[in-house]
Amino acid sequence: MIALVDTPIDAGALLSQGSDPGAAGGGVVAFIGAVRAETKGERVLRLEYEAYREMALAELEALAAATRARFDILALDIVHRVGVLQPGDVAVVIVARAAHRGAAFDACRHAIDTLKQTVPIWKKEVFANGAVWVGDRP
Amino acid sequence: MRVRVLLFAGLRERLARAHVDLDLPDGATVGAATEALRALHSELAGRTFSVALNRRYARVDAALAEGDELALIPPVSGG
């Protein structure tokens, strides 16, 4: 499952579903990205995520296809949330399933690292005394 | 020809709009479009961004056609 959603992500449901018994792997690795309470010692009030939806979905699909081609995995799910999130809220869940744990770990790491570099999604950190778009320095 | 340029995140806020329509000479490229935008909008001075053409990352020498959808992609920060 590859998706961009506006509502809370149920990581547990993602982990338990999709386990087609005929294709069940021995290693399931999940990365769960959540909103930090602090950045550089400053308390985060909320994060505002924005996406170029159509392109972000296309990039996520391409990223998933490339990850499946590169690593020996059975399945890869990526769900990213957009909108206003509070500290502790889950922003992204990636689940990689493989016959063995090594490929699942590697694929999951590759998927989140690449997502952060290529998928057109942005987050604004809002603090008590201002806000910044992460990574956007003149 | 006319193309639409979508704006996101910090660039959307700086220009206070979600898109800009641009009239360009036939045969214009992605690079020509960004030069025209920078000339029209001084708020873009010093800002770095990639450009997407019809929802894919594009090179500056890619040719544009009437009705194309461009997007300025400031540094992404998903995850």
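Me: How does one read a helix crossing, and which hand does the crossing of H2(A) and H3(A) have?

Reply: A crossing is left-handed if the near helix is turned anticlockwise from the far one by less than a right angle, and right-handed if clockwise. In this predicted model, H2(A) crosses H3(A) in the right-handed sense. Helices (H or I, at least four residues) and strands (E, at least two) are DSSP runs numbered from the N terminus. Residues are numbered from 1 along each chain as its sequence is written, while chains are lettered from A and ligands numbered from 1 in the order in which they are written. Local features need pLDDT of at least 70, side-chain atom pairs count only at pLDDT 80 or more, and totals for chains, interfaces and linings use all residues, with side-chain values based on heavy atoms and with hydrogens and water left out.

Me: At what angle do H2(A) and H3(A) pack?

Reply: Axes are lines fitted to C-alpha atoms, for helices over the stretch in contact, and angles run from 0 to 180 degrees between N-to-C directions. Helix H2 (residues 53-70) and helix H3 (residues 101-118) of chain A pack at about 150°, their axes 10 Å apart. H2(A) is therefore roughly antiparallel to H3(A) (under 35 degrees is roughly parallel, over 145 roughly antiparallel, 65 to 115 roughly perpendicular, the rest oblique).

Me: Which residues of H2(A) and H3(A) meet?

Reply: Contact means heavy atoms within 4.5 Å. From H2(A), A:Glu59, A:Leu60, A:Leu63, A:Thr67 and A:Arg70 meet A:Ala107, A:His110, A:Ala111, A:Thr114, A:Leu115 and A:Thr118 of H3(A). By class, the contact of H2(A) with H3(A) holds five nonpolar, four polar and two charged residues (Ala, Val, Leu, Ile, Met, Phe, Trp, Tyr, Cys and Pro are nonpolar, Asp, Glu, Lys and Arg charged, the others, Gly among them, polar).

Me: In what order do the strands of the chain B sheet lie?

Reply: Two strands pair if DSSP finds at least two bridges between them. In chain B, five strands form an open sheet of mixed pairing, ordered S2-S1-S5-S3-S4. Strand S2 (19-23) and S4 are the edge strands, each pairing on one side only.

Me: How many bridges join S3(B) to S5(B)?

Reply: Strand S3 (residues 50-53) and strand S5 (residues 69-73) of chain B pair in the antiparallel sense over four bridges; B:Leu53 has B:Leu70 as its bridge partner in S5(B).
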